[in-house]
Amino acid sequence: MLLNCQVWRASLAELLGSAVLVFAMDTIVISSYETETKTPHLIMAFLIAVTVTIILLATFPISGGHINPVISLAAALTGLFSLSRAAVYILAQCVGGILGALALQAVVNTEIEQTFSLGGCTLTIVLPSANGPHVIGLKTSQALWLEIICTFVFLFASIWIAFDKRQAKHLGSVVVCSIIGIVVGLIVFISTTVTSTKGYAGAGMNPARCLGPALIRGGHLWSGHWVFWAGPSIACLAFALYTKVIPSELLHN
């Protein structure tokens, strides 16, 4: 599988798709807060839903439109394709995430980069105060649970439709990709509003998207970064276990 040229060609689509996703989503995060609108979470969620849908439609015919290690790992754990192919996809997605963060860094000024941390995944931020630096944000345990729950809901409510060949064929790629985009947007909106905590960027649900800005910007983006990997991984395992208890005649076989 690792020597299969088609897999590596498909991974190129995953790399480019992930790069565009990180660049676009992080730009949306920054602009939503930079404009100081009264409803930044709602605007951000809507724009992210549209962006995810478009990128999925662009990459779906070539690679299956994963652009997320969570989807690739879930596909491998549920038996849709091999772990080696999943590893190639995940590698491509992580490289794409880094390239997307580099592209964003190249076009924003230093002040925006520092203020918004390249739109990366954060649990906390450090603010100046009269008594010295003050850390605000979400507790690590809360963030971990949010990652697990939100990622599982993401897989259960949207990705399972794409994995089920019967539903995917009946609905068509445009509808399926739109459903995935809408679910992502809804989860982003819920996770950023339910906590109402400054410093918390919302559920990541995509380790590659979190990795890019963390590597390029560094600093406090590494604080609790493991949560954005551990949470989705646990959710993938839970989702795989869920599929094992479903009667075989109801699966996507």
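This is a predicted model: local features need pLDDT of at least 70, side-chain atom pairs count only at pLDDT 80 or more; totals for chains, interfaces and linings use all residues.
**The whole chain**

The protein has 10 helices and two strands. Following the chain along its sequence gives the order α-α-α-α-α-β-β-α-α-α-α-α. Along the principal axes, the C-alpha atoms fill a box of roughly 65 × 35 × 30 Å. The radius of gyration is 18 Å, which agrees with the value near 18 Å that a compact globule of 253 residues would have.

If you colour by accessibility, 49% of the 253 residues count as buried. Contacts can be sorted by how far they reach along the chain: of those between residues at least 6 apart in sequence, 73% join residues at least 24 apart.

**Gly96 in helix α4**

Select Gly96, which lies in helix α4. Is Gly96 buried or exposed? Its relative accessibility is 0%, so Gly96 counts as buried. Now show what surrounds this residue. Setting aside neighbours within four places in sequence, Gly96 is in contact with Leu15, Ser18 and Ala19.

**Two salt bridges**

How many salt bridges does the count come to? The count comes to two. Side chains of opposite charge can pair when their charged atoms come close.

For one of the salt bridges, select Asp26 and Arg209, whose side chains meet with an N to O distance of 2.4 Å. Asp26 belongs to helix α1 (residues 5-34) and Arg209 to helix α9 (residues 207-217), so this pair ties together parts that are 183 residues apart in sequence. Both Asp26 and Arg209 are buried.

Next select Asp164 and Arg166. They form a salt bridge in which the closest N and O atoms are 3.3 Å apart. Asp164 has 4% relative accessibility and so counts as buried. Arg166, with a relative accessible area of 45%, is partly exposed.

**The cavity**

Rolling a probe the size of a water molecule over the atoms shows where empty space is left. The count comes to one cavity of 30 Å³ or more. The largest cavity has a volume of about 250 Å³.

To find the largest cavity, select Met25, Val52, Val184, Gly204 and Asn206, which lie nearest its centre among the 22 residues of the lining. The elements that give two or more residues to this lining are α1, α2 and α8. Which element gives the most? That is α2, with four residues. By class, the lining of the largest cavity divides into 16 nonpolar, five polar and one charged.

**The second largest pocket**

Now move to the second largest pocket, which holds about 490 Å³ of space. Select Phe60, Gly64, Leu80, Ala162 and Phe163: of the 25 lining residues, these are the closest to the centre of the pocket. Several helices can be coloured next. Those that give two or more residues to the lining are α2 (40-63), α3 (69-77), α4 (83-107), α6 (140-163), α7 (165-171) and α8 (173-194). The largest share of the lining of the second largest pocket comes from α8, with four residues. Sorted by class, the lining of this pocket has 14 nonpolar, eight polar and three charged residues.

**Two loop residues with positive phi**

Finish with the backbone of two loops. Select Ile67, in the loop between α2 and α3. Phi of Ile67 is near 45°, a positive value in a residue other than glycine. Ile67 has 4% relative accessibility and counts as buried.

Then select Met205, in the loop between α8 and α9. Met205 is not a glycine, yet its phi is positive, at about 60°. Met205 is buried, with a relative accessible area of 4%.

How values were computed:
Residues are numbered from 1 along each chain as its sequence is written. Side-chain values use heavy atoms; hydrogens and water are left out. On a 1 Å grid over the protein atoms alone, a cavity is a set of points where a 1.4 Å probe fits but cannot get out, and a pocket is an open set with protein on both sides within 12 Å along at least five of seven lines; lining residues have an atom within 4 Å of a point. Grid points are joined across faces, edges and corners, and a volume is the space filled by probe spheres set on the points. Ala, Val, Leu, Ile, Met, Phe, Trp, Tyr, Cys and Pro count as nonpolar, Asp, Glu, Lys and Arg as charged, and the others, Gly among them, as polar. A salt bridge is a side-chain nitrogen of Lys or Arg within 4 Å of a carboxyl oxygen of Asp or Glu. Buried means under 20% relative accessible area, exposed over 50%, partly exposed in between (1.4 Å probe, protein chains only). The radius of gyration is taken over C-alpha atoms; the globule rule is 2.2 Å times the number of residues to the power 0.38. Contact means heavy atoms within 4.5 Å.
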